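Me: I'd like to learn how to read a few features of a structure. Could you walk me through this one?

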Amino acid sequence: MRNNIVHIGAGELTYEIRAIVEIAEELERLGIKTNMENIGDPVAKGEKIPLWIKEIVSDLAMKDCSYGYCATKGVLETRQFLADLTNQRGGAQLTAEDIIFFNGLGDAIQKVYGFLKREARVIGPSPTYSTHSSAEGAHSGQKPVTYRLDPDNHWYPDMDDLRQSVKYNPAISGILIINPDNPTGAVYPERVLKEIISICREFDLFLICDEIYHNICYNSMVTRPISDLIGDLPAIAMKGISKEVPWPGARCGWIEVYNAEKK
Ligand SMILES: Cc1ncc(COP(=O)(O)O)c(C=O)c1O
């Protein structure tokens with residue numbers, strides 16, 4: 001071709017789970033029973049959609065206005081509702097303008113990393129939900145930068161590893177946490193969140209917190225939304241309805257941007 005059209009980070013756009021699916025499908029073809037847990041779809045696993053949602057959706061399906069464009073950042077009333085929910089908690093405050101809707105949180109993840117300067121790296125957990133790591137790797141054209149989650153300490157972040165990695169890699173501009181975590185299921189106590197926030201402060205980083213599982217904690221585990229704890233730290237919370245409503249087919253996720261004026 002006249003020009004090389006392949007994005008510099010295309011090689012990082014891998015999705016390890018796909019490889020496992022191929023093996024599972026091969027096993028199925030061979031008649032071996034497999035339990036497919038790969039897609040994380042609660043509906044496929046038998047979770048029920050609340051009746052009130054079905055009623056609203058079926059009513060809206062009959063209205064022409066449901067088929068038009070909506071506001072680019074998402075419906076204003078919905079964004080205002082979400083901003084009020086966060087603001088009522090008394091932590092970081094935001095306006096409807098600080099909330100942006102996407103076609104599912106997966107889409108938000110691609111866009112957030114995709115719009116970062118190539119040299120600006122976001123260090124993320126390992127093991128991780130690979131949509132984050134592949135999007136981060138693809139935007140930078142290099143292997144994702146990671147910190148270790150410690151299997152011998154409830155799968156909490158290995159703080160020494162995180163701190164050293166940040167300290168010795170000046171390209172790192174942000175830290176990603178997934179809380180509650182996928183794939184480990186860890187639920188971070190306030191102390192762990194505060195420690196990560198203090199590393200962000202020390203090295204002048206921003207924070208991304210994927211909170212898609214926030215309202216799904218088992219065994220009386222509790223955690224805090226990051227907006228409760230960040231103060232004036234620039235941060236993004238990533239949220240969605242795929243897991244907790246559950247409605248993954250809605251392709252509905254959003255980001256809340258805190259302290260945007262801090263750049
Ligand atoms: C941690 C995490 N973030 C984001 C997503 C993507 O969610 P969505 O269905 O909104 O794209 C998932 C889906 O499994 C997830 O586990």
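Reply: Tyr 156 and Tyr 188 are both buried, where buried means under 20% relative accessible area, exposed over 50% and partly exposed in between (1.4 Å probe, protein chains only). The model is predicted, so local features need pLDDT of at least 70 and side-chain atom pairs 80 or more, while totals for chains, interfaces and linings use all residues. Residues are numbered from 1 along each chain as its sequence is written, and side-chain values use heavy atoms, without hydrogens and water.

Me: How many aromatic pairs does a search of the whole structure find?

Reply: Rings of Phe, Tyr and Trp (its six-membered ring) pair if their centres lie within 6.5 Å; planes under 30 degrees apart are stacked, over 60 edge-to-face, the rest tilted. Here the search finds 2. In one of them, Tyr 156 and Tyr 188 have ring centres 6.1 Å apart and planes at 80 degrees, so the pair is edge-to-face.

Me: Which residues have the most contacts inside the largest nonpolar core?

Reply: A nonpolar core is a set of buried Ala, Val, Leu, Ile, Met, Phe, Trp, Tyr and Cys residues joined through side-chain atoms within 4.5 Å. The largest has 38 residues, and those with the most contacts inside it are Leu 162, Ile 175, Ile 177, Leu 207, Ile 226 and Ile 230. A second, separate core of 17 residues includes Leu 105 and Tyr 213.

Me: Is Leu 30 buried or exposed?

Reply: Leu 30 is exposed, with a relative accessible area of 58%.
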